[in-house]
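Okay, thanks for coming, everyone. I'd like to walk you through one fold today, inside first and then the surface.

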Amino acid sequence: ARDLSVTAMPASVEAALDLAEAAIATALAQRKTARERAERALALYSELDDPLRVAQARHLLGRALVDLGDNEEGEIMLASALKEARAVGVRSVIADVLQSIAVARSHVGDVAGARPLFAEALALFRSIGAERVVSTIAGNLAEAEFHEGNALEALRLHYADALADPRCGA
């Protein structure tokens, strides 16, 4: 879309494109592109004074930094994004950031620190009816538990989530 534009784009449109590109790059594991686009979106949304989009851009930047191996800086960015998301009060954004912090914690072996973050993200996503995301988070938590050596807890989490799915008929 950016390449098709023949006139100067409003900052809000450019910021939205950067944020969307950062999200797509994150999903496709294109970490450097995710970082670059999230940085640009963060700068633009900061200038536009859009607290929700600032939180989302900072979240994607934090994820990109963690994915690039800079856990310390990434977690600082994610903590700021969480504070901003809580101030705005959008539950899905809060839950997204909580999940990212939990994954970052589990990547450095801090499953104990990740558990309450996963639990809060699960509760928030359940409260808005995002069951598919709930299933993903439960799987992430089960994986973290398994890597921590808690195979029974990992199985319990995995099967409890699967059995809670209404499609299972349980």
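Let me start with a term: a nonpolar core is a set of buried Ala, Val, Leu, Ile, Met, Phe, Trp, Tyr and Cys residues joined through side-chain atoms within 4.5 Å, and buried means under 20% relative accessible area, with a 1.4 Å probe and protein chains only. Now, this is a predicted model, where local features need pLDDT of at least 70 and side-chain atom pairs count only at pLDDT 80 or more, while totals for chains, interfaces and linings use all residues. Numbering runs from 1 along each chain as its sequence is written, and side-chain values use heavy atoms, with hydrogens and water left out.

So, the chain has 8 helices and 0 strands; helices here are DSSP runs of H or I, at least four residues, strands are E runs of at least two, and numbering starts at the N terminus.

Which residues have the most contacts inside the largest nonpolar core? Leu98 and Phe118, in a core of 30 residues. Helices α3 (51-67), α4 (71-88), α5 (91-107), α6 (111-127), α7 (131-147) and α8 each put in at least two residues. There's also a second, separate core of 14 residues, including Ala15 and Leu61.

Back to Phe118: leaving out residues up to four places away in sequence, Phe118 touches Gln99, Ala102, Val103, Ile137, Asn140, Leu141 and Ala144, where contact means heavy atoms within 4.5 Å.

Overall, 37% of the 170 residues count as buried.

And finally, Tyr159 sits in helix α8, residues 151-164.

How values were computed
Buried < 20%, exposed > 50% of the residue type's maximum accessible area, 1.4 Å probe, protein only.
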